[in-house]
Amino acid sequence: MRTDSLRGVRDLDRLTQQLVGAVSQPAGMPLVAYRDGEVFVLCLDLPGIDPKTIDLDVERNVLTVRAERASGVPQGAEVLADERVLGRFSRQVFLGDALDTERIEADYDQGVLSVRVPISEKARPRKIAITAKGAREAISA
């Protein structure tokens, strides 16, 4: 049986779209989430973000990412077009109980914030020894 270690991400996005309507512009922090062996990986696109403005915290299995993008336009310049999302924004990801939120690691490289969350030891598959009734040694599975 597989557990949904990123439960709620898709449901929350769907609910937000229903309440607000169709998405008219890209989200401020598009992400890709995948499992790589015993680690879940989240990669959030944050181009043009000063790494000093990125704040990452976790509370009760809710991972919150906050960042700020300032305008790169010099003061006094005439803006002809500006389609970038500017200002402060955040995104929350609900993590499943099978993840070890005490050992989260993150790095920021070339505009992508990568967050690695290991699967908890207690959630990893393990072999169970079976003892035959009347026998003293375990049966190898």
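Predicted model: local features only at pLDDT ≥ 70, side-chain atom pairs only at ≥ 80, totals over all residues.
Local features were taken at pLDDT of at least 70 and side-chain atom pairs only at pLDDT 80 or more, while totals for chains, interfaces and linings use all residues. Residues are numbered from 1 along each chain as its sequence is written, and side-chain values use heavy atoms, without hydrogens and water.

Ser 114 was examined in its strand. Ser 114 lies in strand β7, which spans residues 112-118. Strands are DSSP runs of E with at least two residues; helices are runs of H or I with at least four, and both are numbered from the N terminus. The relative accessible area of Ser 114 is 14%, so Ser 114 is buried. Buried means under 20% relative accessible area, exposed means over 50%, and partly exposed lies in between (1.4 Å probe, protein chains only). Ser 114 has contacts with Leu 42, Cys 43, Glu 105, Ala 106 and Asp 107, leaving out residues up to four places away in sequence. A contact is defined by heavy atoms within 4.5 Å.

Charged pairs were examined next. Side chains of opposite charge can pair when their charged atoms come close. The structure contains seven salt bridges. In each, a side-chain nitrogen of Lys or Arg is within 4 Å of a carboxyl oxygen of Asp or Glu. One of them joins Arg 116 to Glu 105, at 3.9 Å from N to O. Arg 116 lies in strand β7 and Glu 105 in strand β6 (residues 105-109), so this pair ties together parts that are 11 residues apart in sequence. Arg 116 is partly exposed at 24%, and Glu 105 is partly exposed at 49%.

Another salt bridge links Asp 57 and Arg 66, at 2.9 Å from N to O. Asp 57 is partly exposed, with 30% relative accessibility. Arg 66 is also partly exposed, at 33%. Shared partners join Asp 55, Asp 57 and Arg 66 into one network of salt bridges. Arg 103 pairs with Asp 100, and their closest N and O atoms are 2.8 Å apart. Here Arg 103 is partly exposed at 45%, whereas Asp 100 is buried at 18%.

Backbone angles were examined last. Most residues other than glycine have a negative phi. Arg 60 has a positive phi, near 50°. Arg 60 sits in the loop between β3 (55-59) and β4 (62-69). Its relative accessibility is 78%, so Arg 60 counts as exposed. Gln 110 has a positive phi of about 50°. Gln 110 is in the loop between β6 and β7. Gln 110 is exposed, at 77% relative accessibility.
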